[in-house]
Amino acid sequence: MRYAMAIDTKKCVGCSDCVVACQAENNVPIGFCRDWVVEVTDGTYPELELENRSERCNHCENSPCVRCCPTGASHYAEGGIVLVTEDKCIGCSACITSCPYDARYVHPKGYVDKCTFCVQRLKNGLKPACVSVCPTKCMYFGDLEDPNSDVSKVLKTRKHKTLIPEAGTKPHLYFLI
Amino acid sequence: MREEIIVSGRMNELIDPHLQVWNWEIPAYLFLGGLAAGILFFAGLMTLQGKEKEFETTIKRAPLFTPLMLGIGLLFLFLDLKHKLYFWQLYTTIKLESPMSWGAWTLLIIMPVSVAWAGMYIKTIFSNFKWPYPNIAEAFEWISKQKTILAWIMVITSVILGIYTGILLSAFNARPLWNTSILGPLFLTSGLSTGAAFIMILSKDEHERHALARIDLLLIAIELFLIIHMFMGFRASTQVQIEAANMFLGGTYTAIFWTFVVVLGLVLPAALEIMSLKKLKVPYYIAPALVLMGGLILRFIMVYAGQMSRWLY
Amino acid sequence: MVNSRRDFIKVSAIGTAGIMAIDPITKAIGNTFAAKKGPVRTPTYCEICFWKCAGWVYKDDEGNLNRIVGHEDDPSCNGRLCPRGSGGLGMYNDEDRLKFPMMRVGERGKQTFKRVSWDEAFTYIADKLETLKKEHGPECAALFTHGSGGDYFGRLIKAYGSNNITAPSYAQCRGPREVAFIATFGQGLDSPEPTDIRDCKCLVLIGSHIGENMHNGQVQEMSDAIDKGATIITVDPRFSTAASKSKYWLPIKPATDMALLLAWIHVIINEELYDKKYVEQYTTGFDQLKAHVAANTPEWAYGITTIEPNVIRETARTMAKEAPATIVHPGRHVTWYGDDTQRLRAVAILNALLGSWGRRGGFYNPEKAKVPAIPTPEYPHPTRTWRDAMGGKYELADLALANGVCTATIPNAQMDCHIRAWIVNGTNLIETLPERHKTIEAIQNLDLMVVVDTMPMEITGWADIILPECTYLERYDSIRASQYREPTIALRMPAVQPKYETKPAWWMAKQLADKMGLGAYFPYKTHEEELDWQLKQMGTSLEEMQRVGLKKFERHYDDLYFKEGEPQEFLTDSGKIELYSNTFASAGFDPLPVYTAHPQPEDGFYRLNYGRAPMHTFTRTANNPVLTDIMDENTVWVNPKVAKLWGFANGQKVWLKNQDGVVSSFPIAVRITERIRWDSVFMVHGFGHANKLLTRAYGRGASDSEMITHVDIDPIMGGTGMRGNFVTFLTEKAEGGAKV
């Protein structure tokens, strides 16, 4: 089992519904977010290109956050999901510093929080909240080891990239381009 | 023009527009840790070399301050924690891949060692000092007999602590400025140099000062070499590290780094130390004071600049 | 795999929820925390925008509202709400909401109010309206409305004896489109537009920014079309999100779209790319059209639009190649330059030539369920309307003009009696109508101004009486019967009791009616009674709808698409698709669309282009805590070349000043971006709120509406063209800014 997510930048319109849905599903306090939407414009008018990306934790296979966590609060769960155990976290921020994607934040309660791929929904056979709500259906989620999962299928047929693969973290958030 | 914005309005002050998760507490902690490591290293080393006579301040007086330095350093580290009540979780596991973890453990070892060392010598310095309980005095009597072992432990753990202050940062590949293995040796050298400087200020013995100045000159030379080597490495590396180095080679931190760390913190004190070795009249405390200042600023700059350096995508 | 105690707790919590989730619908929409007692979820349809997506409101175990999720079977959203819908709870939780009925005590517009009881408020209104009726006749009252409550206040005002019911969504938005399509096809588009986007192979967007306008179903279908490889052609001076998804982006010089449309028609006719069979069978006026566009070559258009002739030809050929599965999208907010009906006529003609009207992948034949009205006495017949103030103009407007009602409120020569009472329901007229000074002048001439809203807005500050409405999550409303490929109905019911002293609109209207002796028009005690009666007529019941939320019906009328070759009757004068409009000709307007040059900005001024952001609806959501967390102010988009000229830094605050010298009340941050042409600026509509009671929205960003003081009235239907305003920048606040 290896969970992964693919986001189709050709369909994403940057509406940020994924962010709102995540905040509701995971009780993310106002002012914080576990996912966010980036808009990149390149070129000079009128020769332009624009990419919308819904970003979040990359649930890296070689996660610097898990490596640097002094207490083991950051850990790998089933399917390669990177989780933080709240009552093991001392709030040292090493993981925040270690993440090249800036995917973590300090919850007002003091522990570090981040995307969990909505593990509570996965266990119930549901897709993560962001995927389930996206109006453009630009997000695909599933098990990379299952050739019939949404994410495996779309990665087979579409050109894709990951963000800063050169950072060596083996990210599992794919962007269809 | 390239434009990259977060349209979903994320403005988390700890990570936007760039990382700002570590403030003064961390560089101050790193500085104090390095300083204490330096002092304890020389105390242990000189003891092992049997130079108690020549290096009295080094072995007996300066280490008295190290429990305090480490204590304040730990307090700063504690202040930086956001989930403070769970601090003890650090000591429920040993994670070898996490510098933070073995730093915590090293501190757990070196802290009592420094206390033992200081307690051992407190009576030599303050002759009318008396332990409130005889048991404590007896304990320190016993410890003095294990001095050699303690000195060995101190030399080894202080080197680990000194390197740790650098590796804590260099383990973060997400911050290109920190992601160089030079940072461990650099901070160790700087820590030893500040340790020597601290002893020099305390020492009233010119021979001891001169001996330390000679060591310090070597350390400064190594430090300069490491700094140049670090930037050469960055310049020859990937774009993100070239950009990280550029903060010091024309960018935001250029003036402050080259002025305060390199010129005032390394070159000038080296020159002053050479002058005093050549028996020129220079107030003895200026050079070590500059070294201490340079060491402190080096850590502040590295911690703050490192958080500004990032991968671009 | 349990990794920690916390995980274990989570797993066990889910375990219990899992048992609840046996119901397949519950499971499908992802209710991971089904409540153990009481109703798990209640149906609603969203009120945050006019798309009205159906959804479910979920509560947690403590009975607190937890989230809103789209209804799987609703063609508006297909189970996926947009960010505003997902953030709907913010509207309920907003602590700045209107809480109690309020009565003005000081000068009008000075925002001095006292709290009154509902009864006092109703008595005041009823007395005022009675007096007005006696002295001036019932026609001197008008209703401005946007949203569900309009139904009840509409009934009230009709029972009272007036027909002045208007919504700014017509003359300030989609009106020209309706008139143009009625003139061409004998049928307007209405809402949601029956565009068959999911099956189209070519989608042409002219200034329409789908994706930034979050018209949910359309955004979803555009995404489907992208998946299926449809070609998108976007015409926009701004590199919109849709433009970035397009194969062809035509960065047109603003205000020249008509030239491009005529050139496209020219190419399609002259290269004989049009659907010959369709044109011959269904249309009239082709020869006139052909002659009319003979000179409108791509080379001619190039000089006007700056779009290269080969691009015009290539895009026209692409449209024709994919026809009839080509949609030249009519857009929605189309009141731009005053000749908008004619521009939309060109759009309609283009669609007719491509044969996309009534064809798969083009425009389908929508159908909506008929919701029977509960029997009431006949409404009185008003003898006067707002139209009397128009001097015989805008007869082709099929709905009332909000700006027309506004004009009829200012004492004028055409009317022996101007309008003297307004009920304003859920529309912030200060920000919605252009020419703010005129709106305020009209308000100052009123004897009575009642504002019904959930939030304090600029308009509530001008009210005599403020009636605080509860949010859509706390009330029943009329059955939603949106037009789609198949008829559907959706129910909105309260998920919780109204907060504070707020009340639903139906209750307010009924109470007022009772007080005014018009109770017979509201022949029921509760709204449930009326809804149940209506639903039973339709073969269902309130009880069933509370369970299912949404119901689909079989189509009763025509097929979804024209049958190949089958004759069709169009509701035009000629019974055919009128390429040449007889209606327009006889009313004295150009029967075929003509290009007119519009003014361009002077040196140092930039055309004010405005639009939507997907996280907000007009001014309505600007204080919603969930949505302001995502976007809390607008910026003014400035091309890097212009920014360099002005020496702007990104994020720098500036004030805007328009061609009439009006200065924005608030500064706005400059966003330096290549996405905007150098002769224009762009800002998202709905920010720059001046009401201090909106603690999150007050003074955040600037208001585009405030800058729209120049209006080009569409001579055909009275729409207010608002894109002819030009702004310049002030780096320091100058005196003379308009105050509201």
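Student: What marks out residues 1–38 of chain C?
Tutor: Their pLDDT stays under 50, where pLDDT is the predictor's confidence in each residue, from 0 to 100. The model still has 57 contacts beyond four places in sequence for residues 1–38 of chain C; a contact means C-beta atoms, placed from the backbone, within 7 Å. Residues 736–740 of chain C also stay under 50, with 14 such contacts.

Student: How do you know which residues and features count here?
Tutor: This is a predicted model: local features need pLDDT of at least 70, side-chain atom pairs count only at pLDDT 80 or more, and totals for chains, interfaces and linings use all residues. Residues are numbered from 1 along each chain as its sequence is written, with chains lettered from A and ligands numbered from 1 in the order in which they are written.

Student: What scores do chain C and the complex get?
Tutor: Chain C averages a pLDDT of 92, and 94% of the residues score at least 70. The predictor gives the complex an ipTM of 0.95 and a pTM of 0.92.

Student: What makes the interface between chain C and chain A?
Tutor: In contact are 42 residues of chain C and 39 residues of chain A. On the side of chain C, α1 (5–20), α3 (83–86), α8 (216–227), α9 (241–244) and α23 (625–630) each supply at least two residues. Helices (H or I, at least four residues) and strands (E, at least two) are DSSP runs, numbered from the N terminus. The largest share, six residues, comes from α1(C). By class, this side has 18 nonpolar, 15 polar and nine charged residues. Asp, Glu, Lys and Arg count as charged; Ala, Val, Leu, Ile, Met, Phe, Trp, Tyr, Cys and Pro as nonpolar; the others, Gly among them, as polar.

Student: How do you know whether chain A agrees with a compact globule?
Tutor: For 177 residues the rule gives a value near 16 Å; chain A has 16 Å, so the two agree. The C-alpha trace of chain A spans about 50 × 40 × 35 Å along its principal axes. Chain A holds six helices and ten strands.

Student: Why is β8(C) called largely enclosed?
Tutor: A residue is buried if 20 or more other C-beta atoms lie within 10 Å of its own, exposed if 12 or fewer, and partly exposed in between; C-beta atoms are placed from the backbone. Five of the five residues of β8 (202–206) of chain C are buried, so the rest of the structure largely encloses the strand. C:Cys202, C:Val204 and C:Ile206 point one way from β8(C), and C:Leu203 and C:Leu205 the other way.

Student: What makes β8(C) and β9 of chain C a pair?
Tutor: Pairing takes at least two bridges found by DSSP. β8(C) and β9 (residues 231–235) of chain C have five, in the parallel sense.

Student: Why are β1 and β3 of chain C called edge strands?
Tutor: Their open sheet has the order β1-β2-β3 (chain C), with antiparallel pairing. β1 (41–45) and β3 (65–70) of chain C each have a single partner strand, so one side of each lacks a neighbour in the sheet. β1(C) is joined to β2 (residues 54–59) of chain C by five bridges; C:Arg41 has C:Tyr58 as its bridge partner.

Notes:
Rg over C-alpha atoms; globule rule 2.2 N^0.38 Å. Contact = placed C-beta atoms within 7 Å.
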